[in-house]
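Me: I would like to learn how to read the sheets, backbone and pockets of a model. Could we take one feature at a time?

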Amino acid sequence: MAKTKTAFFCQNCGTQYAKWVGQCSACKEWNTIVEEVVQKEEKKSWKVEMNGAPKSAAPVNISDIDTDKEIRFDVLDHEFNRVLGGGLVPGSLVLLGGEPGIGKSTLLLQIALRLPYKTLYVSGEESMKQIKMRAERIQPDSSNCFILTETKTQQIFRQIAEVNPDIVVIDSIQTLHSDYIESSAGSISQIRECTAELIKFAKETNTPVILVGHITKDGTIAGPKILEHMVDTVLQFEGDRNYMYRILRALKNRFGSTAELGIYEMQGSGLREVSNPSEILISKYDEALSGTAIVATLEGMRPLLIEIQALVSSAVYGTPQRTATGFNAKRLNMLLAVLEKRAGFKLGAKDVFLNITGGITVDDPAIDLGVVAAVLSSNADIPLEKGVCFAAEIGLAGEVRPVRRVDQRILEAEKLGFTRIFVSKNNKITLKNHSILISKVGKIEDVIRELFS
């Protein structure tokens, strides 16, 4: 047996130290340094476990490299394909992270059951019976999906050699452990070693591998930061468990854009793709209500229309409250200060509550004008005109500023039947044939005059 040695690693960023210290010098976090046992021995290739010989790589002249579009695996999920950039690239490693219970395992099992390719679903967190019960709710019959409950990488590679799958799903990377490292599963060294073995397997066999990763309380992928650098694609599955909608977005993608996102609806039979989320995120009312405004926003490259609700009331307890759900509270305070300073509205002694319906969070500055319109509508208790939406940013001087890709926002509003949209007069609009009325405004006073006069 080779001599074992101990090393100290930061659980937050993965920095290695020769001895224990109270604060990590790299990420400045306190009490994150832990001791781990690392066995120094010659590592065998995963090829040894599969009774094969590794193929050595040879240099190729850059002019001889084929630049044709790479072949991708169609996962038969339009939203997942969109976020990946057109499908799974052979030999790629995809890391999917999200909060516990958000639906990561359901999404990947659902894809594995529907794929026409042979898929090996490896679970280290659930038993085969648990997976079978979930699979029966999603899709009772599937002949291409194989289930394996195993946590040791050497055993997983032996089963891969027997099944010879086209796609491998690992749920999750924090549960795997390798014989070459003596520390416990989920530790810095085990995550790094297991990921390295899977990367080598994926690249040498041209087999795509999808990993499920846990996240910390801050919302970042758990484990060393190097894990995100090692993989090809990092996907974030987010949403509120109390709401039915989920958003899949790419944080890193070597084979496509990180500006795309997919939207799902959680149902008893699994996750349903939402092709037109704007209709779902907008409430249907028989009568007009004050404090409600519709805004055209962008989530990545995708235009969405969302509903903003505001409630303005007198401060009962003396100290006004400012509460925002799905919107930056500091930006709300800024917009209220602009209304008071530039437009003369006395909101300093009033409670202001703001909510974006559907349980989603938006940081697009183009919804500023909609927030202002909803607040003023609630303050005056006057409903906004039906069929009106907004797409503009508010500056500190009270000016209405232009936003990017305004043409796509206008087209989305027109498609959903809106008759009028407020935008900045400084926006360059190239649309020629449109039925929606485009109202160009330069200051908040212009908007107030158009809406409430």
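This is a predicted model: local features need pLDDT of at least 70, side-chain atom pairs count only at pLDDT 80 or more; totals for chains, interfaces and linings use all residues.

Me: How many residues does the hairpin that joins β11 to β12 pass through?

Reply: The hairpin from β11 to β12 passes through 2 residues.

Me: What is the strand order of the open sheet of 9 strands?

Reply: The order is β6-β5-β7-β8-β4-β9-β10-β11-β12, and the pairing is mixed. The ends of that order are the edges: β6 (145–149) and β12 each have a single partner strand, so one side of each is left without a neighbour in the sheet. From one strand to the next the twist averages 25°.

Me: Which pairing sense do β9 and β10 have, parallel or antiparallel?

Reply: They pair in the antiparallel sense, over 6 bridges. Q236 stands opposite R249 in β10.

Me: Where does helix α4 (residues 128–138) pack?

Reply: For a helix on a sheet, give the strands it touches, then an angle. Helix α4 packs on the sheet, touching β5 (119–123), β6 and β12, and its direction makes about 150° with that of β6. Helix α6 can be read likewise: α6 lies across β4 (93–98), β7 and β8, and runs at about 140° to β4.

Me: What should I keep in mind about side chains when I look at the faces of a sheet?

Reply: In a regular strand the side chains alternate between the two faces of the sheet.

Me: Is Q110 buried or exposed?

Reply: Burial is judged from relative accessible area, and under 20% counts as buried. Q110, in helix α3 (residues 104–114), has 1% relative accessibility and therefore counts as buried. Leaving aside residues up to four places away in sequence, Q110 touches D77, I138, G270 and L271.

Me: What is the strand order of the open sheet of 7 strands?

Reply: That order is β15-β16-β14-β13-β17-β20-β21, with mixed pairing. Its edge strands are β15 (322–325) and β21 (437–441), each of which pairs on one side only. The twist from one strand to the next averages 25°.

Me: In which sense do β17 and β20 pair, parallel or antiparallel?

Reply: Strand β17 (residues 388–390) and strand β20 (residues 420–424) pair in the parallel sense, over 3 bridges. V388 stands opposite R420 in β20.

Me: Which strands does helix α10 (residues 368–380) lie across?

Reply: Helix α10 lies across β13, β14 (302–314), β16 (350–356), β17 and β20, and runs at about 30° to β14. Helix α12 (residues 444–452) lies across β17, β20 and β21, running at about 165° to β20.

Me: Now the backbone. Is the peptide bond from D171 to S172 cis or trans?

Reply: Read omega for this. The bond from D171 to S172 is cis, with omega near 5°. S172 lies in the loop between β7 (167–171) and α6 (188–205).

Me: What is phi for K28 and for N206?

Reply: Look for a positive phi in a residue that is not a glycine. K28 has a positive phi of about 65°, and K28 sits in the loop between β2 (16–17) and β3 (33–39). K28 is exposed, at a relative accessible area of 53%. For N206, phi is near 60°, and N206 is found in the loop between α6 and β8 (209–213). N206 is partly exposed, with a relative accessible area of 48%.

Me: What is the volume of the second largest pocket?

Reply: Its volume is about 490 Å³. Of the 26 residues that line the second largest pocket, E238, G239, G359, I360 and T361 are the closest to its centre. β10 (245–253) and β9 (233–238) each supply at least two lining residues, and β10 gives the most, with 4 residues. The lining of the second largest pocket divides into 9 nonpolar, 9 polar and 8 charged residues.

Key
Residues are numbered from 1 along each chain as its sequence is written. Side-chain values use heavy atoms; hydrogens and water are left out. On a 1 Å grid over the protein atoms alone, a cavity is a set of points where a 1.4 Å probe fits but cannot get out, and a pocket is an open set with protein on both sides within 12 Å along at least five of seven lines; lining residues have an atom within 4 Å of a point. Grid points are joined across faces, edges and corners, and a volume is the space filled by probe spheres set on the points. Ala, Val, Leu, Ile, Met, Phe, Trp, Tyr, Cys and Pro count as nonpolar, Asp, Glu, Lys and Arg as charged, and the others, Gly among them, as polar. Buried means under 20% relative accessible area, exposed over 50%, partly exposed in between (1.4 Å probe, protein chains only). Two strands pair if DSSP finds at least two bridges between them. Axes are lines fitted to C-alpha atoms, for helices over the stretch in contact, and angles run from 0 to 180 degrees between N-to-C directions. Contact means heavy atoms within 4.5 Å.
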